[in-house]
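Hi,

Here is the structure I promised to send over. Have a look at it first, then read my notes below.

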Amino acid sequence: MATLDELLHAAVLGVGGVERPGQVEMAHAVQDAIVAEEHLLVQAGTGTGKSLAYLLPAVMHAQKTGKPAVVATATLALQAQLVDRDLPRLAEAVTPLLGRRPTYGLVKGRRNYLCAHKLEGGFPDDEGLFEVAEVDRAASRLGQEVVRLREWADETQSGDRDELVPGVSERAWRQVSVSAHECLGGTCPMIADCFVERSREAAKDCDVIVTNHSFMAIDSFEGRQMLPEHDLLVVDEAHELVDRVTSTITDELTAPMVAAAAKRAGRLAESTEAVDDASVFLQGVLDELPEGRLTGIPDALSLALARVRDTARQVQSELKPERGVEPDGGRKVAQAAIEEVFENSSRILEQRELDVVWVNRDPRRGSVLRVAPMSVAMLLRDKVFGDRTVVMTSATLELGGTFDALAGTMGLRGEGAPTWRGLDVGSPFDYPQQAIAYVAQHLPSPGRDGLSTQTLDEIEALVRAAGGRTLGLFSSMRAAREATEAMRERFDGDLGFLCQGDDQITTLVRQFARDPATCLFGTLTLWQGVDVPGSACQLVIIDRIPFPRPDDPLSSARSQAIARMGGNGFMAVSATHAALRLAQGAGRLIRRADDRGVVAFLDSRMMTARYAGFLQRSLPPFWPTTDRERVLAALRRLDETAAPPLTVHEPALRGVAGAVAGSTGGRVGEDAAEHPRPVALDPPAPDVPAVDPPAPDVPALDPPAQDVPAEEPVSAPVAAGSAWTAEADEELRDGVELGLSLEELAESLELTEDVVAARLASLRLEVVPGAPRLM
């Protein structure tokens, strides 16, 4: 077999790049970790080429051992990049040296795929959409979506939802997919046509399997063996692992959820009325509880949960099929719904030592009872790091100059922890010459009443100077929407403004990347994983330091636990969380060696607070300044000399293994190709702003493309205290057109009947069979 250096040289040439010292160092470190069977944490800055640095040793190991290597990512964007771009080019380049083409595939959770049996009527059609769609394809937008899904099902090889562009609503997708608990498994009459089974079978023959953090975690924790046997796991975007795993094992319970489970089981069990009554009792108790963390289970809630649990257990017994009889689709759906209610109510009542329980008021769903673990460190240590070599990598793994904080959250510190090595291979970028870090020190400190007029004025001035080309990262959706609507009004069509929620994230990012006269505003999803190199993104705005909310149940529980141990809870949890997010957000700006731009922090605490130095040391070493006029002048020069935006890659059709259909990288026959652990930190001394050095050089580039105006925003109305989105209103109209009752509409939208009735009245719609009519 060729050496790693030979393969890396061929792969870098194949992708049209250049070898970088950090990439070579990382590749050898990964290979050494595999040989030594030792865990590795690698911090590799943007532009290092870390995907090639771990993919090549993974391919070599897979071809040597006959076992696949698993790569888990946090974002869909990185999954697509690996399978659609990196792996095909790598495979093409190294095949002559290996003597066999490396193979790869994409594996996701069951809900991401079409269910062939459900498409053929094997499961109950909860909303009658199939029949309505067949009779009248123009009956509603929802009916049209279902027809489109049926037609797409005849064309797709993968059945992967992400291949469908533009996408469909969640309500329509539910009509053609099933959860893991609802699936009939090996007894399904259409298992030979199952997209999920075909993709997983194809994955067994792949050298590299790409999946996501959550799927990997479920496979590890629950022992379902959804992934083939493997002894090498690479976790990219590893800074996100703890939060993604925590989210995966967070459970919730609502009264409508209990009532919906009772309704699903209604025709198959006799005791569902008791479950329905328990849901009413639970609703009354939850509505009386204050929002926030519960340090204990109140007596009334304990009684309500016990009633939900016990009635659900009785229905579970009744839903069991007779001996020797396999359950059909309708029974499996009912069993899954009742089982979820039983398990979640039981878990909350157990009051496990590390579990945190809280009440949340959701704008659409009302009172939600949630439970999540305070720490997943020991779970990760036992289930993820226990019996395989794990390579963790990200551009942000070191905080405060050490890996210890993040390593601790993953169970890699303390007594009994496995051995591991930490490595920082740096970045190939000249950050001080490529980017400015600007702190708008003249602005007032952010408050709780939304964006100040001064802050909106600052955003306008920065965006005008940049000529668009702006990614706005906000700490809340409220702030993102407020800024979007304000800028749309102020610019009056001169520039386009997109906001998270207007469409799918991937669609919005592609639209932003195509048009330099466009700005994209959003929250957490955009802080990481957005990769828009070139002139389309030359300004990143961060509205405030992204601390967790003071009333966030998990963060506050973790901080209190650290304080009880004598540590600094704020620095260990809140400041560390903010530092990680800031580093990720600022990292959206410089994606290539020729990128130039500004990261603007609109929070003066970045210069004045006692923790400012800690936050600043977590950022890339951009050139720092508080000089507003110098920053605006630099942005104008960048806009005037900007080259056209780079070509945007559109979604591709996928084969069975999830790789691009028609390529030769995977195996579809031959048709498929691709919150930190508590640590006590002493607060740093107040930072003293440095004297501004000369501005970095700005290259002479071609002028930008012409402006393209955007559509005007639609503000979210409120009915009976609940916010309504345009999509929710569309679903409501569709339901009325389908002749659904008020009760059915409330269940479908997961809202109470009074909220739905209030919105119907405001829209002048009346619930009657057939088409809607004005009141």
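Let's start with R588, which sits in the loop that runs between α24 (569-586) and β17 (597-601). Keep in mind that this is a predicted model. Is R588 buried or exposed? R588 has a relative accessible area of 7%, and because the cut-off for buried is under 20%, R588 counts as buried. Which backbone oxygens lie by its side chain? The backbone oxygen of V530 is 3.0 Å from a polar atom of the R588 side chain, and the backbone oxygen of W527 is 3.5 Å from a polar atom of that side chain.

V599 takes us to the strands. V599 is in β17, and A437 stands opposite V599. The two strands, β12 and β17, pair in the parallel sense over five bridges. β12 also has strand β18 (residues 623-625) as a partner: the two run parallel and are joined by three bridges. There, W623 in β18 is the bridge partner of I436.

How covered is β12 itself? Strand β12 covers residues 435-439, and five of its five residues are buried. In a regular strand, side chains alternate between the two faces of the sheet. For β12, A435, A437 and V439 are on one side, I436 and Y438 are on the other, and all of them are buried, so both faces are covered.

Zooming out for a moment: the chain has 30 helices and 20 strands. Of its 775 residues, 55% are buried. The accessible surface of the chain is about 32300 Å², and carbon and sulfur atoms account for 49% of that.

Now the aromatic rings. A pair of rings is described by the distance of the centres and the angle of the planes. How many aromatic pairs are there? The count comes to nine. One of them is W152 with W173, a tilted pair at 6.3 Å centre to centre with 50° between the planes. W152 is in helix α7 (residues 141-153) and W173 is in helix α8 (residues 170-174), so this pair links parts of the chain 21 residues apart. Both W152 and W173 are buried.

Y431 and F622 make another pair, this time edge-to-face, with 5.3 Å between the centres and 65° between the planes. Y431 lies in helix α18 (residues 431-434) and F622 lies in the loop between α26 (612-617) and β18, so the pair ties together parts that are 191 residues apart in sequence. Both ends are buried: Y431 has a relative accessible area of 9%, and F622 has 7%.

There is a cluster to look for as well: ring pairs link F474, F491, F497 and F521. While you are there, check R464, which lies over the face of F491 at 4.1 Å from the ring centre.

What about the cysteines? The structure holds zero disulfides. Take C537, which is in no disulfide: the nearest cysteine sulfur, that of C519, is 9.6 Å away. A disulfide needs the two sulfur atoms within 2.5 Å, so that distance rules it out. C537 is buried, with a relative accessible area of 2%, and C115 also counts as buried, at 12% relative accessibility.

Two backbone angles are worth a look too. Most residues other than glycine have a negative phi. Q351 is not a glycine, but its phi is positive, near 50°; Q351 is in the loop between α15 (329-350) and β8 (355-362). R469 is not a glycine either and has a positive phi of about 50°. R469 belongs to the loop between α19 (453-466) and β13 (470-473), and R469 is buried, with a relative accessible area of 0%.

Last stop: E222, in helix α10 (residues 213-222). With a relative accessible area of 46%, E222 is partly exposed. E222 and K383 are 161 residues apart along the chain, yet their C-alpha atoms are separated by 9.3 Å.

Methods
Residues are numbered from 1 along each chain as its sequence is written. This is a predicted model: local features need pLDDT of at least 70, side-chain atom pairs count only at pLDDT 80 or more; totals for chains, interfaces and linings use all residues. Side-chain values use heavy atoms; hydrogens and water are left out. Helices (H or I, at least four residues) and strands (E, at least two) are DSSP runs, numbered from the N terminus. Buried means under 20% relative accessible area, exposed over 50%, partly exposed in between (1.4 Å probe, protein chains only). A polar contact is a pair of N or O atoms within 3.5 Å; within protein, one must be able to donate a hydrogen and the other to accept it, and residues adjacent in sequence count only if both atoms are side-chain atoms. Accessible areas come from the Shrake-Rupley method with a 1.4 Å probe; for residues, only the protein chains shown count as cover. Two strands pair if DSSP finds at least two bridges between them. Rings of Phe, Tyr and Trp (its six-membered ring) pair if their centres lie within 6.5 Å; planes under 30 degrees apart count as stacked, over 60 as edge-to-face and the rest as tilted. A charge sits over a ring if NZ of Lys or CZ of Arg is within 6 Å of the ring centre and within 35 degrees of the ring normal.
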